[in-house]
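Have the structure open while you read.

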Amino acid sequence: MFATTPLRIVAVSAGLSQPSSTWLLADRLAAATRERLAAEQDRHGRDVEVRVIELRDLAVDIANHLVSGFPSATLREAIDAVTEADGLIAVTPVFTASYSGLFKSFFDLIDHTALTGKPVVIAATGGTARHSLVLEHALRPLFAYLRAVTVPTSVYAASEDWGSSGDEYTEGLPSRIRRAGGELASAVLGRTVSGAARAPGLDDGEDAVVPFEQQLADLRLD
């Protein structure tokens with residue numbers, strides 16, 4: 001029976017606008033993880049379920065829970081989805097050189113042992129690349145406190161990263177997304193993930209063939 005239980009990948013997006021670059025990054029990371037898990041399906045024999053939770057839809061429920069101590073049914077279901085996921089993707093816009101208040105408030109509601117050992121991809125969006133270190137000085141310590149296992153590759157997307165394939169010195173955003181998704185998939189399947197070296201795989205080669213510009217025509221950065 002266990003072998004038929006789907007692998008559950010949950011992405012949490014703290015974007016405030018709709019649609020937002022934060023949601024798009026969460027969705028892309030979830031798709032990359034699902035793609036790698038689907039490629040490995042012959043080995044693990046399980047379906048893959050992916051869900052993206054938008055915290056903007058839960059903002060009032062989160063605030064009420066913080067002051068009352070009682071979650072709504074919708075918020076309780078979202079928290080359960082996160083804590084019961086096989087792999088987690090957490091994406092926040094950068095506000096004042098850190099994660100957003102909405103993002104922090106949601107994870108404040110999760111018991112500090114509920115994510116123990118859970119593989120997590122951390123990611124963030126912002127208007128400038130100067131804020132990319134928020135992943136290391138804010139998000140990685142947060143999930144270390146929650147006892148989760150963050151994969152080596154974190155993903156930061158500045159405004160100029162969307163639609164860029166990078167250059168000979170810097171990986172483009174699509175490549176980084178595929179690499180992070182591949183690492184999360186490997187961690188979900190119980191394989192060792194190393195940040196020091198990696199064998200060529202699905203995350204290598206040409207950048208994504210679907211142009212980001214097509215999905216960003218009406219997109220506003222958070």
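Let's start with Arg8: its relative accessible area is 32%, so Arg8 is partly exposed. Bear in mind that this is a predicted model. Asp86 comes out at 23% relative accessibility, so Asp86 counts as partly exposed too. The side chains of these two, Arg8 and Asp86, meet in a salt bridge at 4.0 Å, N to O. The pair links distant parts of the chain, with Arg8 in strand β1 and Asp86 in the loop between α4 and β3, 78 residues apart.

There's a network here as well: salt bridges link Arg8, Glu84 and Asp86.

## Other charged pairs

Across the whole structure, a search turns up eight salt bridges. One of them joins the side chains of Arg56 and Asp57, at 3.4 Å from N to O. Arg56 has a relative accessible area of 30%, which makes Arg56 partly exposed, while Asp57, at 52%, counts as exposed.

Another one brings together the side chains of Asp161 and Arg176, at 3.7 Å, N to O. Asp161 sits in the loop between β7 and α7 (173–188) and Arg176 in helix α7, so this pair ties together parts that are 15 residues apart in sequence. Are Asp161 and Arg176 buried or exposed? Both Asp161 and Arg176 are buried.

## Arg46, buried without a partner

Now for an arginine with another story. Arg46 belongs to the loop between α2 (41–44) and β2 (48–54). Arg46 is buried, yet has no salt bridge. Which side chain of opposite charge is nearest to Arg46? That would be Asp86, 4.5 Å away.

Arg46 does have a backbone atom to look at: a polar atom of its side chain lies 2.6 Å from the backbone oxygen of Thr5.

## The nonpolar cores

The largest nonpolar core has 37 residues, and those with the most contacts inside it are Val82, Leu88, Phe103, Phe106, Phe107, Leu115 and Phe143. Two or more residues of this core come from each of β1 (7–13), α4 (73–84), β3, α5, β5, α6 and β7. The top contributor is α6, with six residues.

Setting aside neighbours within four places in sequence, Val82 is in contact with Val10, Val12, Ile53, Leu88, Phe106, Ile110, Leu115 and Lys118.

## Helix α6

Helix α6 passes a simple length check. Its twelve residues (134–145), at 1.5 Å a residue, should span 16 Å, and the end C-alpha atoms are 16 Å apart, which agrees.

Which residues of α6 are buried? They are Val134, Leu135, Ala138, Leu139, Arg140, Leu142 and Phe143. As background, an α-helix has 3.6 residues a turn, so residues three or four places apart point the same way. The cover over the buried residues of α6 includes β3 (87–95), β4 (98–99), α5 (101–108), β5 (119–126), β6 (149–150) and β7 (155–158). Just after α6, Arg147 takes a positive phi of about 65°.

Technical notes: Residues numbered from 1 in each chain as written. Predicted model: local features only at pLDDT ≥ 70, side-chain atom pairs only at ≥ 80, totals over all residues. Heavy atoms only, no water. Helix = DSSP H or I, 4+ residues; strand = E, 2+ residues; numbered from the N terminus. Buried < 20%, exposed > 50% of the residue type's maximum accessible area, 1.4 Å probe, protein only. Lys, Arg positive; Asp, Glu negative; His and termini not counted. Polar contact = N/O pair within 3.5 Å; in protein donor to acceptor, adjacent residues only side chain to side chain. Expected span 1.5 Å × (residues − 1). Contact = heavy atoms within 4.5 Å. Core = buried A, V, L, I, M, F, W, Y, C linked by side-chain atoms within 4.5 Å.
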